[in-house]
Amino acid sequence: MKYRTYYLQLCDLFSAEEFVEVPLKRLADEWEITTRYAKKIIQELHRQKFIEWKPGIGRGNLSKLRLLYSKNEVVIQLAKEHIRK
């Protein structure tokens with residue numbers, strides 16, 4: 001559930017369905033965490049199939065991020081889980 005809150009913040013920053021070039025430092029600053037922890041969150045969101053992530057390899061190459069769900073879909077899913085509990 002913790003990772004979904006980070007995903008909802010990503011939804012506020014970027015639109016779904018298109019790749020966006022984003023430096024990892026920007027995500028870390030937005031979430032107010034270290035870049036190392038931001039990388040861990042991105043990897044977990046990718047593993048859980050919330051995002052597509054193509055890391056930028058090499059100096060000056062930005063990573064590419066694509067959101068796979070809209071904010072409404074995630075909020076509805078969270079609400080359903082809370083109702084079940």
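Modeller: Happy to, and keep in mind that this is a predicted model. Let's begin with Glu44, which is found in helix H3.

Biologist: Is Glu44 buried or exposed there?

Modeller: Glu44 counts as buried, because its relative accessibility is 17% and the cut-off for buried is under 20%.

Biologist: And which side chain does the side chain of Glu44 make a polar contact with?

Modeller: That would be the side chain of Gln48, at 2.8 Å.

Biologist: Okay, another glutamate. Where does Glu52 lie?

Modeller: Glu52 is in strand S2, which covers residues 51-54. Glu52 is partly exposed, with a relative accessible area of 26%.

Biologist: What is Glu52 in contact with, leaving aside its neighbours within four places?

Modeller: The residues in contact with Glu52 are Phe19, His46, Lys64, Leu65, Arg66 and Leu68. With Arg66 there is also a polar contact, side chain to side chain, at 2.2 Å.

Biologist: How far is Glu52 from His82, C-alpha to C-alpha?

Modeller: Their C-alpha atoms are separated by 26 Å, and the two residues are 30 apart along the chain.

Biologist: Switching to helix H1. Why does its length agree with what you'd expect?

Modeller: H1 runs over residues 2-13, and at 1.5 Å a residue those twelve residues should span 16 Å. The end C-alpha atoms are 18 Å apart, so the two values agree.

Biologist: Which residues of H1 are buried?

Modeller: Tyr3, Arg4, Tyr6, Tyr7, Leu8, Leu10 and Cys11. Among the elements covering them are helix H2 (24-31), helix H3 (35-47), S2, strand S3 (63-67) and helix H4 (71-84).

Biologist: Nice. How many aromatic pairs does the structure hold?

Modeller: Three aromatic pairs. In one of them, Tyr7 and Phe50, the ring centres are 5.2 Å apart and the planes are at 50°, so the pair is tilted. This pair links distant parts of the chain, with Tyr7 in helix H1 and Phe50 in the loop between H3 and S2, 43 residues apart.

Biologist: Are those two buried or exposed?

Modeller: Tyr7 is buried, at a relative accessible area of 0%, and Phe50 is buried at 6%. Phe50 also pairs with Tyr69: the centres are 5.8 Å apart and the planes are at 70°, so that pair is edge-to-face. Because Tyr69 is in the loop between S3 and H4 and Phe50 in the loop between H3 and S2, the pair ties together parts that are 19 residues apart in sequence. Tyr69 itself is partly exposed, with a relative accessible area of 36%.

Biologist: Which residues do the ring pairs link into a cluster?

Modeller: Tyr7, Phe50 and Tyr69.

Biologist: While we're on rings, which ring does the charged end of Lys54 sit over?

Modeller: The ring of Phe19, 4.5 Å from its centre. In another case, the charged end of Lys2 sits over the ring of Tyr3, 5.4 Å from the centre of that ring.

Biologist: Now the core. How many residues has the largest nonpolar core?

Modeller: It has 24 residues, and those with the most contacts inside it are Leu10, Leu27 and Ile51. H1, strand S1 (20-22), H2, H3, S2, S3 and H4 each give two or more residues to this core. H1 provides the largest share, six residues.

Biologist: What does Leu10 touch, not counting residues up to four places away?

Modeller: Leu27, Trp31, Leu45, Ile51, Leu65 and Leu67.

Biologist: Last topic, backbone angles. What is the phi of Glu32?

Modeller: Glu32 has a positive phi of about 60°, although it is not a glycine. Most residues other than glycine have a negative phi. Glu32 is in the loop between H2 and H3, and its relative accessible area of 71% makes it exposed.

Biologist: And what about Lys49?

Modeller: Lys49 has a positive phi as well, near 65°. Lys49 sits in the loop between H3 and S2 and is exposed, with a relative accessible area of 57%.

Methods
Residues are numbered from 1 along each chain as its sequence is written. This is a predicted model: local features need pLDDT of at least 70, side-chain atom pairs count only at pLDDT 80 or more; totals for chains, interfaces and linings use all residues. Side-chain values use heavy atoms; hydrogens and water are left out. Helices (H or I, at least four residues) and strands (E, at least two) are DSSP runs, numbered from the N terminus. Buried means under 20% relative accessible area, exposed over 50%, partly exposed in between (1.4 Å probe, protein chains only). Contact means heavy atoms within 4.5 Å. A polar contact is a pair of N or O atoms within 3.5 Å; within protein, one must be able to donate a hydrogen and the other to accept it, and residues adjacent in sequence count only if both atoms are side-chain atoms. The expected span of a helix is 1.5 Å times one less than its number of residues. Rings of Phe, Tyr and Trp (its six-membered ring) pair if their centres lie within 6.5 Å; planes under 30 degrees apart count as stacked, over 60 as edge-to-face and the rest as tilted. A charge sits over a ring if NZ of Lys or CZ of Arg is within 6 Å of the ring centre and within 35 degrees of the ring normal. A nonpolar core is a set of buried Ala, Val, Leu, Ile, Met, Phe, Trp, Tyr and Cys residues joined through side-chain atoms within 4.5 Å.
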